[in-house]
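Take a look at the structure below.

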Amino acid sequence: MMEKEDPGPSHVNEKAEVRVIGIAYNLRRCAAGDEPDDRYEEYDCIETVRSLKDTIEAFGFKVVLLEQNDFFFDALRQTKPDFVVNIAEGLGVMRGRESQVPAILESLGIPYAGSDSVACALALDKWLTHHMLVSAGLPVPTLFMFSEEGDLWTHGQIFLHHREYIVKPRWEGSSKGIFADSVVRTHTELTEKVRRIWERYRQPAIVEEYLPGIEITVGVLGNRPPQVIGMMAVNPEPTDDGHSFYTLEHKRNWEQKVHYAPPETLSEEIRLSISRDAIRCFQFLELKDIARIDFKLDRWGVPKIIDVNPLPGLSEVYSDLPILYRLSGGRYEDLIRGFLSESFARYGLSWPYLVEVKVPYAEY
């Protein structure tokens, strides 16, 4: 069997010192009249960008802000950052959008934090990610893809396999396209919700076995090797028909509609199982530095992977990764420090002065 190669960083420096860090991002804005109202849901608000900037500056770096727009190339050339922290989700609506900024940075030879362009593009596509995880023997729910009218008939027997399914867009994040009525039980409901995805998002619909158990999200940090840094149970307010899953409305109104529970509320067996599979997933997809892996329990209590996030939100206030890290005993500053430390190590880069980096890892 051929041994798997790790692509590693695009460029390796000889302990070059980093002084200027750029933050690449997309700013959230209102959707136009002909766009879905969640069109820019994945983008960051300016408060998140400023909070990240302030945190990195407190470590002793100069920070420049680099919004991905028409002037992104010029800004990179003018500011000449030694390193970039990429939180940009990309422009447009195609499935490769999250790889845009990593690919640009790779072409310019600028080292950056986070997963590379290939991993970012793959993970956004739920259909391709599903088949990759199946090939690795990782637990995932049953999944079907509906791309055209004919699929509504060729896949018409799916309810013989499972009683309920949830309908999602193929390549979206932040619960875009997931609404309180997204769970379907009949062919009529299935047809209606699949067509809604086609018309609203102009992409194939994913029809996934509905898992009735709790959702658990896990943070993974590092490469030497990667480690679980925390987890939490996500308990959204049930829908009117009694289902429990993370919808767009839950994420927008998380303070009123979601209860986050610390890892101690989960059994040791579940924590161990999920930690093992999160690390295997991170390594198999060749993710780098940081990621969030989402699980949901099936009706027998078995955790299955429902989403992989190589670009997890970093809002100190409302993003799941900082929240789970905080509930697991960590501080936001340590999370960002650990993120930078692991990515610097991958490129052989150093801090502008001696910094002792101690990131508390979870033990499950």
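Is Cys30 buried or exposed? Cys30 is exposed, with a relative accessible area of 73%. Here buried means under 20% relative accessible area, exposed means over 50%, and partly exposed lies in between (1.4 Å probe, protein chains only).

## About the model

This is a predicted model: local features need pLDDT of at least 70, side-chain atom pairs count only at pLDDT 80 or more, and totals for chains, interfaces and linings use all residues. Residues are numbered from 1 along each chain as its sequence is written, and side-chain values use heavy atoms, with hydrogens and water left out.

## Cysteines

A disulfide is a covalent bond between the sulfur atoms of two cysteines. The search looks for pairs of cysteine sulfur atoms within 2.5 Å. Across the whole structure it finds 0 disulfides. For Cys30, the nearest cysteine sulfur belongs to Cys45 and is 13 Å away.

Cys281 is in no disulfide either. Its nearest cysteine sulfur, that of Cys120, is 13 Å away. Cys281 is buried, with a relative accessible area of 0%.

## A covered strand

Helices (H or I, at least four residues) and strands (E, at least two) are DSSP runs, numbered from the N terminus.

Strands of a sheet pair through backbone hydrogen bonds, either parallel or antiparallel. Two strands count as paired if DSSP finds at least two bridges between them. β1 runs parallel to strand β2 (residues 62–67), and 6 bridges join them. Val20 stands opposite Lys62 in β2.

## An open sheet

Which order do the strands of the open sheet follow? The sheet has 5 strands, in the order β11-β10-β9-β12-β13, with antiparallel pairing. β11 (258–261) and β13 (303–309) stand at the edges. Each has a single partner strand, so one side of each has no neighbour in the sheet. On average, neighbouring strands of this sheet are turned by 25° against each other, direction ignored.

Strand β12 (residues 290–297) pairs with β13 over 6 bridges, in the antiparallel sense. Phe295 stands opposite Ile305 in β13.

## Two crossing helices

Helix α11 spans residues 320–327, and helix α12 spans residues 332–347. Their axes come within 9 Å and cross at roughly 115°. Axes are lines fitted to C-alpha atoms, for helices over the stretch in contact, and angles run from 0 to 180 degrees between N-to-C directions.

Which residues meet between α11 and α12? Leu321, Pro322 and Tyr325 in α11 meet Tyr332, Asp334 and Leu335 in α12. Contact means heavy atoms within 4.5 Å. By class, this contact has 5 nonpolar, no polar and 1 charged residues. Ala, Val, Leu, Ile, Met, Phe, Trp, Tyr, Cys and Pro count as nonpolar, Asp, Glu, Lys and Arg as charged, and the others, Gly among them, as polar.

## Backbone exceptions

Most residues other than glycine have a negative phi, and most peptide bonds are trans. A cis peptide bond joins Arg224 and Pro225, with omega about 0°. Pro225 sits in the loop between β9 (215–221) and β10 (227–236).

Ser175 has a positive phi, near 60°. Ser175 lies in the loop between β6 (165–169) and β7 (183–184), and counts as buried at 10% relative accessibility. Arg202 has a positive phi of about 55°. Arg202 lies in the loop between α7 (187–201) and β8 (205–209), and counts as exposed at 69% relative accessibility.
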